[in-house]
Amino acid sequence: MRLHGNALRLTVVVGESDTWHHRPLYSEIVHRAHAAGLAGASVFRGIEGFGASSVVHTSRLLSLSEDLPVSVVIVDTEERVRAFVPALDELVGEGLVLLDEVEVVRCTGRDGEPGDAA
């Protein structure tokens with residue numbers, strides 16, 4: 001798939017320990033995005049953060065918390081991303097869902113051909 005120009009970035013921030021039917025939630029989101037035919041998805045693990053609960057989660061050695069923030073980032077056309085957002089209603093009970101307008105400047109696969117977006 002060739003992606004160039006205006007697009008939409010969907011970012012879903014959840015906890016690393018969040019699950020969906022005994023599977024990591026971030027993994028479920030990625031697999032559903034893949035099944036929906038979206039251009040690409042990437043998962044990024046944070047080293048520290050806090051959210052609505054105001055509990056600071058950190059990866060520092062003596063920390064009591066291990067539920068680090070995880071972001072799933074998906075970039076595709078506005079139409080495809082907006083069509084995928086309702087699927088998140090079922091999955092994300094606690095977390096943050098963001099949409100940003102972005103401009104794709106370059107999107108190439110490993111072989112140099114147009115490919116994955118994320």
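T11 lies in strand β1. The model is a predicted one, where local features need pLDDT of at least 70 and side-chain atom pairs count only at pLDDT 80 or more, while totals for chains, interfaces and linings use all residues. Residues are numbered from 1 along each chain as its sequence is written, and side-chain values use heavy atoms, with hydrogens and water left out.

**Overall layout**
- The protein has two helices and eight strands; these are DSSP runs numbered from the N terminus, with helices being H or I of at least four residues and strands E of at least two.
- Along the sequence, the pattern reads β-β-β-α-β-β-β-β-α-β.

**The sheet**
- Four strands make an open, antiparallel sheet in the order β4-β7-β1-β8; two strands count as paired if DSSP finds at least two bridges between them.
- β4 (41–45) and β8 (96–104) sit at the edges with a single partner strand each, so one side of each has no neighbour in the sheet.
- From one strand to the next, the twist averages 20°.
- β4 and β7 (residues 69–76) run antiparallel and are joined by five bridges; R45, for instance, has V70 in β7 as its bridge partner.

**The helices**
- Helix α1 (residues 25–35) lies across β1 (5–15), β4 and β7, at about 10° to β7. Axes here are lines fitted to C-alpha atoms, for helices over the stretch in contact, and angles run from 0 to 180 degrees between N-to-C directions.
- Helix α2 (residues 78–91) lies across β1, β7 and β8, at about 20° to β1.

**Back to T11**
- T11 is buried, with a relative accessible area of 11%; buried means under 20%, exposed over 50% and partly exposed in between (1.4 Å probe, protein chains only).
- Leaving aside residues up to four places away in sequence, T11 touches S71, V72, V73, L96, V97, L98 and D100, where contact means heavy atoms within 4.5 Å.

**Packing and surface**
- Buried residues are 33% of the 118 in the protein.
- Of the contacts with a separation of 6 or more, 74% are between residues 24 or more positions apart.

- The average pLDDT (the predictor's confidence in each residue, from 0 to 100) is 84, and 76% of the residues score at least 70.
- Among the elements, α1 has the highest mean pLDDT (97) and strand β6 (residues 57–58) the lowest (64).
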